[in-house]
Amino acid sequence: MTSAAATVSEPRPGPHEGHAVSYPRFLLRVLWLATDGSPRFYAWMTVLTAIALVGLHAWAVQVRDGMGVTGMTDHVSWGLYIANFTFGVGLAAGAVMMVIPAYLFHDRDMHDVVIVGELLAIAAITVCILFVMADLGRPDRFWHMLPGIGRFHWPMSLLTWDVLVLNGYLLLNLHICGYLLYMRFLGRKPDPRWYVPFVFLSIGWAISVHTVTAFLYCGLGGRPFWNTALLAPRFLASAFVSGPAFLIVALRLIESQGGFAVGPGPRRTLHGILRVAILVNLLMVGSEAFTAFYTGGGHAATAQYLFFGLHGHTALVAWTWTAVAFGVVAAVALLWPGTAAHPWRLDAACALAFVGVWIEKGMGLIVPGFVPSTLHEVVEYAPTLVEWQISAGVWAFGLLVFTAAVKVALPVLRDEPAGGERADASATPVASGTAG
Amino acid sequence: MATELPQAPADRPAPRRLPVLQGGVTRRTTVKALGATLGLAAFARAIAPLTEWARDIPVDRFLQRHYRELTPEAMQTLLRQLEQETREQYGAEVHIEDVKPTPGVAFGYALNLSVCNGCRRCAEACHIENNHDRASQESYIRVLEMSKGSMDMERGRVDYAGPNPDPDKFYMPVQCQQCDDAPCVKVCPVEATWKESDGIVVVDYDWCIGCRYCEAACPYHARRFNWTKPQVPAAEVNPDQAYLSNRIRPQGVVEKCHFCLHRTRKGRLPACLEACPTGARVFGNLLDPDSEIRRVLADKRVYVLKEELGTRPRFFYFFDV
């Protein structure tokens, strides 16, 4: 028995105890485990907490003084927050690339660590919701969007669809992970009827979250750069780059920092997915670029601005070529036969792919949708310090959620009651923290 | 990792039970409690600006219902409260009304591009009439200087030097087109913006959540966001205000041209039209066959901006030939 598994399942409730008593006890147990670990774990969590608090303070200042503290204007009215939001939705959707092999293709190795993907979805959706809150001019009126008390403009507004699919996806994954953990806490075998249907639902749901997010933009006729039917497929392709890229690195950190044996199987499968997804994504970016430049005229103005600058305005050119370079180098590295043999090379390729997609979806897609403006004025955008602080804070909080969740859940679920030999294989104390 | 953490399991209580339940105090629980306390203190400091901000927002504003859910009595109470708040925050005595649309009236606006000389007095009149923030020189109207021989806005510019017109150019003021199929109305997640029966697209400034999706959706750059709290000196505040039009907007919400409904719904003309020295602007009731706007639509070669988007504007452009 690993120590973390023992800690979560040790104080088992008596048979007389109802859920009203055992569930709060379970939650307290989870909270205790999530805040317990090695000095290195504490250091990591303290750093993340500190960054999150800096972000929180910057947000409080932004709410008090108005969004004039950001670099946004009436011309570029969405910036870093919505860019990160869009990328975060992709990350959440990309996590499904662990669920599909595990449940649809019965990949045993992947099945052992599939909860890492589900927990990534939870953390990423948390990040998305926080970025939407950060972008609201009046967060105090958030309740206006709640169905029932507010006025929920459904089904006309795609934003209401996004609220539904994002929260639905969050609840689905919270239910799946929470149910499995709770059953372990009770010392019972999970009943597949209570989670397998939800897992399959979550697979379809993952596709829907990023499709709906693309529809937010591509349904706007006044923004020719976004108004393309390729946007939703492109979002999905890039999601299946960023999700697996993050997970490949996360699984290695879980192994090296958390002392938790993952084995080469899951990483190999994710690498295979990434090889296909990154090529499809590059193909789609190339297709968009061709259509814009060959057609020319007004619709090429944004592409011109992105790649070469427009009327002397070149703020995004460096970003664009960085993203292109990262994407191409990552693709070559991922397809190179020898890469998988060197874990750090694979990790470096994943990091490049991840950052490349982050730029492509933010500075490469959300911001240029506003340049030139609908009256063809070229007003440039650069994020301010407050925006960077809030964004860093939100990501730090997301990493905090992810670290704590993986640390609590993974050892427990991996250690099946009957699987004694597997538990013996990881003799190192696993409660000492997962990421570093 | 095990080598770096040899003490990790040892300094825990032997029977691993919830410390809150077992009551034992260990070094680890003490450190955790200390960490949590420090964290909470830092959290309180971090959100301190929120309390300063909340002081300026009365509870009534926070709980206020949507415009269309307010009874006439509730609206009257609200209007008096808003007047009181304007007095407190801006030092200005104002009168805020809730002016309703008139049945049988549908407003239309037409602009003669042959005579507009790009003086921007319409934009200036809008700025004053609608209590726009002074520092940002905001206005609902942007005037484009266009190249003769081209209708492509790509070749236009707004930052031309005034006030004398360039003979090789023509001038095109753009403001809200009051679309019949308005993208901004479609995308709003909370129904804070809608089209009234006389065709004017309005915003409930007290319901808007400031997501700016409408600003992204509008093809005409007609919407403005209050990036900061608008600042207007008391002496310059236009006291003739309406709830859905020119009352001073709160911070963090979207606003737009409302065809000066506080004037036009009472039979007056929009401020931009009154300020125009060339007579380029024609405003009236589209449902009145004898109106000037109907004569323009019947006799002139009229076009609308970005017709291909299917937004069906109620703002028309024409040339005098």
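Some ground rules. Residues count from 1 along each chain as its sequence is written, chains are lettered from A and ligands numbered from 1 in the order in which they are written. Because the model is predicted, local features need pLDDT of at least 70, side-chain atom pairs count only at pLDDT 80 or more, and totals for chains, interfaces and linings use all residues, while side-chain values use heavy atoms, with hydrogens and water left out.

Helices (H or I, at least four residues) and strands (E, at least two) are DSSP runs, numbered from the N terminus.

Let's start with packing. Two packed helices are described by the angle between their axes and the distance between the axes. Axes here are lines fitted to C-alpha atoms, for helices over the stretch in contact, and angles run from 0 to 180 degrees between N-to-C directions.

First pair: H4 (residues 80-94) and H9 (residues 231-256), both of chain A. Their axes come within 7 Å and cross at roughly 70°. H4(A) and H9(A) are therefore roughly perpendicular (65 to 115 degrees; under 35 is roughly parallel, over 145 roughly antiparallel, the rest oblique). Who touches whom? Contact means heavy atoms within 4.5 Å. On H4(A), the contact residues include Phe87(A) and Leu91(A); on H9(A), they include Phe235(A) and Phe246(A). The contact divides into eight nonpolar, five polar and no charged residues. Nonpolar is Ala, Val, Leu, Ile, Met, Phe, Trp, Tyr, Cys and Pro; charged is Asp, Glu, Lys and Arg; the others, Gly among them, are polar.

The axes come within 9 Å and cross at roughly 145°. Ile122(A) of H6(A) and Leu170(A) of H7(A) are among the contact residues. The tally is twelve nonpolar, three polar and one charged.

Among the contact residues are Leu279(A) of H10(A) and Ala331(A) of H12(A). Nine are nonpolar, two polar and one charged.

Now, bends. A bend at a residue is the angle between axes fitted to the seven residues ending there and the seven starting there. Where does H8(A) bend? At Gly204(A), by about 25°. H8(A), residues 196-218, has 23 residues and should span 33 Å at 1.5 Å a residue; its end C-alpha atoms are 34 Å apart, which agrees. Expected span means 1.5 Å times one less than the number of residues. H13(A) has a kink of about 25° centred on Ile359(A). Its 24 residues reach 33 Å, close to the 34 Å expected.

Last, the backbone. Most residues other than glycine have a negative phi, and most peptide bonds are trans. Trp154(A) and Pro155(A) are joined by a cis bond, omega about 5°. Pro155(A) sits in the loop between H6 and H7 of chain A. Val371(A) to Pro372(A) is cis too, omega near -5°. Pro372(A) lies in the loop between H13 (343-366) and H14 (385-414) of chain A. In chain B, His221(B) has a positive phi of about 50°.
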